[in-house]
Amino acid sequence: ADKPQWSPDGSRIAFTYSPPTNPSVIPSTDIWQIAPGSKPKPLVTHQEGESLLDPSWSSDGKYIYFTVDTSASEPITSTNYVPGADVRIDRFDLATGAREQVMQSAQMPNVVVPGADMVELEYVQTDNQTAIAQL
């Protein structure tokens, strides 16, 4: 377990979790949740070739933003490397279970303005430099 984040109302924690895997399989991570006094359970599970990282609650507690990393899905070489192509930010709607892509070439979402859905993130620019931006 890694990167715990309390929900805005303090009722639960979202965190990154790496379930046990066969040693011949590349491990992946999911987003799990736990409420005080209860057992942890999956919240958002990865799809083929993904790892889910850096959970961040929306300020109203309706969404979870997270990094989707696909860098382990195929070997990276000098001919197929595209800066930032292997990460993006997705958003998971807790009420409906819908998951949507929010921004390509971005990672580490962080909701920084209480009461608003302004998300700070790190993204990779075309010159292979990283910058902090707000979405």
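**Reading rings, core and hairpin**

Q: Which charged end sits over the ring of Y63?
A: A charge sits over a ring if NZ of Lys or CZ of Arg is within 6 Å of the ring centre and within 35 degrees of the ring normal. Here the charged end of R91 sits over the Y63 ring, 4.0 Å from the centre.

Q: What kind of model is this, and how are residues numbered?
A: This is a predicted model: local features need pLDDT of at least 70, side-chain atom pairs count only at pLDDT 80 or more, and totals for chains, interfaces and linings use all residues. Residues are numbered from 1 along each chain as its sequence is written, and side-chain values use heavy atoms, with hydrogens and water left out.

Q: How is a pair of aromatic rings described?
A: By the distance of the centres and the angle of the planes. Rings of Phe, Tyr and Trp (its six-membered ring) pair if their centres lie within 6.5 Å; planes under 30 degrees apart count as stacked, over 60 as edge-to-face and the rest as tilted. By this rule the count is 1 aromatic pair. The ring centres of Y17 and W32 are 4.5 Å apart and the planes are at 55 degrees, so the pair is tilted. Y17 lies in strand β2 (residues 13–17) and W32 in strand β3 (residues 30–34), 15 residues apart. Strands (E, at least two residues) are DSSP runs, numbered from the N terminus.

Q: Is Y17 buried or partly exposed?
A: Buried means under 20% relative accessible area, exposed over 50%, partly exposed in between (1.4 Å probe, protein chains only). Y17 is at 24% relative accessibility, so Y17 counts as partly exposed. W32, at 17%, counts as buried.

Q: Which residues make up the largest nonpolar core?
A: In soluble globular proteins, nonpolar side chains tend to be buried together. A nonpolar core is a set of buried Ala, Val, Leu, Ile, Met, Phe, Trp, Tyr and Cys residues joined through side-chain atoms within 4.5 Å. The largest here has 10 residues: A14, I31, L43, V44, L52, W57, I64, F66, V68 and F92. β6 gives the most, with 3 residues.

Q: How do β7 and β8 pair?
A: Two strands pair if DSSP finds at least two bridges between them. β7 (residues 87–93) and β8 (residues 99–104) pair in the antiparallel sense over 5 bridges. F92 stands opposite R99 in β8. The hairpin has 5 residues between the strands, and G97 takes a positive phi near 80 degrees.

Conventions:
Helix = DSSP H or I, 4+ residues; strand = E, 2+ residues; numbered from the N terminus.
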